[in-house]
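This report describes selected features of a protein model. The sequence and the structure are shown first, and the description follows.

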Amino acid sequence: MVFQPRVETKSFLDNIDQTRIIAQKGLNKNHQSELGQFFTPLLIARKMANMFTDFPPVINLLDPGAGIGILTAAFIANAVQRDVKP
């Protein structure tokens, strides 16, 4: 028997983005607007994470969001795929 790894159809970032979509459906748009509350879409989070070019050995990252953490998750996903990891 040959071992075949399980192929995930969705990445953990896709799962987080799906949570964002579900969460937004239950929110009052006017209240969200009053609070200045935005939920960053995955495409934007990935683009922002790709803006980092070089990683020092130690990283301090301030995520300006107060949502589900997609910005930090995209940054981590980007960092672990690099040859030289922080």
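## An exposed loop residue

In this predicted model, Val-58 has a relative accessible area of 63% and is therefore exposed, since exposed means over 50%. Val-58 lies in the loop that runs between helix 3 and helix 4.

In sequence, 28 residues separate Val-58 from Pro-86. In space, the C-alpha atoms of Val-58 and Pro-86 are 6.0 Å apart.

## The two sides of helix 3

Helix 3 comprises residues 42–49, and Leu-42, Ala-45 and Ala-49 in this helix are buried. These three residues lie on the same side of helix 3 because they cover an arc of only 60° around the axis. The other side of helix 3 carries Leu-43 and Lys-47, both of which are exposed.

Against which helices do the buried residues of helix 3 pack? Their partners are helix 1, formed by residues 12–25, and helix 4, formed by residues 70–80.

Is Met-48 buried or partly exposed? Its relative accessible area is 37%, so Met-48 is partly exposed: this value falls between the limits of 20% for buried and 50% for exposed.

Terms used:
Residues are numbered from 1 along each chain as its sequence is written. This is a predicted model: local features need pLDDT of at least 70, side-chain atom pairs count only at pLDDT 80 or more; totals for chains, interfaces and linings use all residues. Side-chain values use heavy atoms; hydrogens and water are left out. Buried means under 20% relative accessible area, exposed over 50%, partly exposed in between (1.4 Å probe, protein chains only). Helices (H or I, at least four residues) and strands (E, at least two) are DSSP runs, numbered from the N terminus. The arc is that of the directions from the helix axis to the C-beta atoms. Contact means heavy atoms within 4.5 Å.
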